[in-house]
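Subject: Structure handover

Hello,

Here is the structure I said I would pass on. My notes on it follow below.

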Amino acid sequence: MTLYESIGGEPAVRAAVDEFYRRVVNDPDLAGYFAGVDLARLKAHQRAFIAAAVGGPAAYHGRSMSDAHAGLGITGPAFDAVVAHLAGTLSGLGVPAQEITRIAGALAPLRADIVDDRMSTE
Ligand code: HEM
């Protein structure tokens, strides 16, 4: 059974998308990145995130991660904050901690493509 199935399939994922969306846009450190992005894109964003995390059927066939995030000035802490909101959302759905750690680990390689080099001080 995949994680997608074990958390309850599509209804659970839909609930997770709504919750993750709410957390991200209500975070004052993140809201600015999403201001002015249209709702359809925002929803696509949250869905892609959750799908990548839980291995659901909704594969993403859009722009590369580096193209999609180019020029947005995303900082390392902003990346970490988005991943933390995902972790909090999954935790609220009853996903076990070690599974959440594994998911965060699976997203980590995307960091280099998403964080803007100009924003990096390391
Ligand atoms: C693992 C991490 C991430 C994944 C898998 C992801 C996924 C995506 C995808 C699939 C799109 C394209 C949507 C489309 O073209 O319709 C997108 C766009 C976007 N992402 Fe992310 N994202 C990640 C991290 C972040 C972070 C950390 C931020 C900001 C703090 C962010 C902000 C945005 C914004 C603002 C757009 C819309 C750009 C635009 O179309 O104008 N993303 N992301």
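Residues 24 or more positions apart make up 79% of the contacts in the chain with a separation of 6 or more; two residues are in contact if their C-beta atoms, placed from the backbone, lie within 7 Å.

Two points on conventions. Residue numbers start from 1 along each chain as its sequence is written. The model is predicted, and local features need pLDDT of at least 70, side-chain atom pairs count only at pLDDT 80 or more, and totals for chains, interfaces and linings use all residues.

Overall, the chain has 8 helices and 0 strands, in the order α-α-α-α-α-α-α-α along the sequence. Helices (H or I, at least four residues) and strands (E, at least two) are DSSP runs, numbered from the N terminus. Of the 122 residues, 20% count as buried. A residue is buried if 20 or more other C-beta atoms lie within 10 Å of its own, exposed if 12 or fewer, and partly exposed in between, with C-beta atoms placed from the backbone.

H2 (residues 9–25) has 17 residues and spans 24 Å from its first C-alpha to its last, close to the expected 24 Å at 1.5 Å a residue; the expected span is 1.5 Å times one less than the number of residues. Buried in H2 are Val13, Ala16, Val17, Phe20, Tyr21 and Val24. They cover an arc of only 135° around the axis, which puts them on the same side of H2. The arc is that of the directions from the helix axis to the C-beta atoms.

H6 (76–92) also has 17 residues and reaches 24 Å between its first and last C-alpha, close to the 24 Å expected. Its buried residues are Ala78, Phe79, Val82, His85, Leu86, Thr89 and Leu90. These fall within an arc of 135° seen down the axis of H6, so they line one face of the helix. An α-helix has 3.6 residues a turn, so residues three or four places apart point the same way. Just after H6, Gly94 takes a positive phi of about 90°.

The core

The largest nonpolar core has 17 residues, of which Ala16, Val17, Phe20, Ile50, Val82, Leu86 and Leu90 touch the most other members. Such a core is a set of buried Ala, Val, Leu, Ile, Met, Phe, Trp, Tyr and Cys residues joined through C-beta atoms within 7 Å. H2, H4 and H6 are the elements that give two or more residues to this core, and H2 gives the most, with 6 residues. Val17 touches Gln46, Arg47 and Ile50, leaving aside residues up to four places away in sequence.

The ligand

There are 23 residues around the ligand, and Tyr33, Ala48, Ala68, Ala78 and Val82 come nearest. A residue is near a molecule if its C-beta atom, placed from the backbone, lies within 6 Å of it. H3 (31–34), H4 (39–54), H5 (65–69) and H6 each supply at least two residues of this shell, and the largest share, 6 residues, comes from H4. By class, the shell has 18 nonpolar, 3 polar and 2 charged residues. Ala, Val, Leu, Ile, Met, Phe, Trp, Tyr, Cys and Pro count as nonpolar, Asp, Glu, Lys and Arg as charged, and the others, Gly among them, as polar.

Two exposed positions

Thr2 is in the segment before H1 (3–6) and counts as exposed because it has 11 C-beta neighbours inside 10 Å. Pro96 is in the loop between H6 and H7 (97–107) and counts as exposed because it has 12 C-beta neighbours inside 10 Å.

Regards
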